[in-house]
Amino acid sequence: MKRPSVRDDLKSMEGYHSPQVEVDVRLNTNEAPFPPPPEFERAFLEEVKKVDWNRYPDRLAWALREDLAELHQVEPDQVFVANGSNEVLQTICLTFGGQGRTALTFEPTYAMYGQIARVTQCRVAEAQRDETFRVPLDGLEKAIEVEKPDLMFLCSPNNPTGTPESSEVIETALKLVPGVVVVDEAYGQFADFTALDMLGSQDTSDSLIVTRTFSKTWSMAGVRLGYCVASPWMFDEFQKVVLPYHLDSVKQIAGRVALRFQEQMEQRVAYISDQRRRVSEGMARLGLEVWPSQANFVLFRTTLCGLPGNEVWKRMIDRSVLVRNCSGWPGLTDCLRVTLGTEQENTIFLEALEEALQ
Ligand SMILES: *Cc1c(COP(=O)(O)O)cnc(C)c1O
């Protein structure tokens with residue numbers, strides 16, 4: 001059989017993977033532990049009956065963008081929607097990245113920034129966070145001066161560390177970065193800070209892009225819907241690189257109906273935040289190093305308990321609990337990340353962890 005050769009730059013790349021193991025308690029991908037409320041499902045099914053199946057969807061997804069604009073008190077032409085915030089990130093990379101350009105990240109952070117940028121043949125420069133996993137101001141200024149990035153990715157709260165970004169860091173980036181500054185707020189509603197407040201507040205906000213997703217707080221990872229809020233001029237540029245009719249009619253409906261249940265979403269966020277307190281305290285009591293999180297997951301390190309992270313991860317699987325194994329990632333030696341589940345799942349997690357550490 002003939003196997004035509006792929007692009008040279010793809011040969012050394014690996015795809016994104018997150019091991020899925022058959023277990024009772026899955027706390028590895030930061031999904032919500034609950035589906036949207038039953039009223040959502042009923043309302044959604046009613047709306048779906050109205051779809052013109054033989055027609056293309058509204059290419060501009062105007063109604064959904066109007067609803068999102070109302071939610072964030074901005075204009076609809078400031079909102080761009082796509083198939084998950086990963087497609088938003090890809091669209092940003094296709095627009096501002098590409099050959100001969102540079103994307104700047106602060107490690108450790110969400111691996112998809114580098115991955116997607118590289119797929120667009122963009123060079124990726126990796127700067128480092130400090131030991132508390134914050135972006136240090138001096139390191140930020142230095143990296144921008146050296147790399148002159150065409151795009152820069154911040155993640156607030158940061159995955160996998162749970163650390164929120166400070167307005168000082170974002171303001172400095174907006175002032176100094178020649179390109180766009182992307183603030184990924186996939187977990188924004190869990191945190192007490194949002195860069196959405198900085199949109200339109202100053203001239204430099206012309207280069208600010210804030211991304212959000214329905215995958216986590218809206219309990220809709222299965223739908224693949226995300227968006228960003230930015231300056232209106234960017235929307236026309238995004239439209240050039242995105243496929244026509246990329247956002248199907250059913251998804252546009254799902255997003256609009258979901259927004260009717262904001263209160264329930266906020267209740268779920270409050271529930272998870274309570275669990276975060278409880279689980280973080282429980283892990284600290286076991287003698288683990290635990291980083292304060294403002295997201296729906298907590299990063300912890302097993303070194304102080306005298307066991308390698310990889311060994312604890314395996315022992316957890318033996319107890320049918322799956323967490324994310326970050327122990328081999330640069331800067332995260334012996335670190336694991338647990339997604340907060342239901343109260344019952346978290347109890348099982350804490351009990352399994354106590355046993356695994358013995
Ligand atoms: C989960 C996650 C996303 C979500 O991606 P979707 O494509 O919207 O599911 C984006 N950014 C970060 C940092 C995430 O952790």
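Analyst: Two strands pair if DSSP finds at least two bridges between them. Strands themselves are DSSP runs (E, at least two residues), and helices are runs too (H or I, at least four residues), both numbered from the N terminus. Before we zoom in, note that this is a predicted model, where local features need pLDDT of at least 70, side-chain atom pairs count only at pLDDT 80 or more, and totals for chains, interfaces and linings use all residues. Residues are numbered from 1 along each chain as its sequence is written, and side-chain values use heavy atoms, with hydrogens and water left out.

Let's take strand 7, which covers residues 208-213. Buried here means under 20% relative accessible area, with exposed over 50% and partly exposed in between (1.4 Å probe, protein chains only). By that cut-off, 6 of the 6 residues of strand 7 are buried, so the strand is largely enclosed by the rest of the structure. Leu 208, Val 210 and Arg 212 point one way, while Ile 209, Thr 211 and Thr 213 point the other way.

Now for the neighbours. Strands of a sheet pair through backbone hydrogen bonds, either parallel or antiparallel. Strand 7 shows both kinds: with strand 6 (residues 180-184) the pairing is parallel, over 4 bridges, and with strand 8 (residues 226-229) it is antiparallel, again over 4 bridges. On the strand 8 side, Tyr 227 stands opposite Arg 212.

Stepping back, the protein chain has 12 helices and 12 strands. Its radius of gyration (taken over C-alpha atoms) is 21 Å, close to the 21 Å from the globule rule (2.2 Å times the number of residues to the power 0.38) for 358 residues, so the chain is as compact as a globular protein of that length. Of those 358 residues, 54% count as buried.

Elsewhere, 5 strands make an open sheet with mixed pairing, in the order 1-11-12-10-9. Strand 1 (25-27) and strand 9 (289-290) sit at its edges with a single partner strand each, so one side of each has no neighbour in the sheet. Within that sheet, strand 11 (residues 321-325) and strand 12 (residues 335-339) run antiparallel, joined by 2 bridges, and Arg 324 has Arg 337 in strand 12 as its bridge partner.
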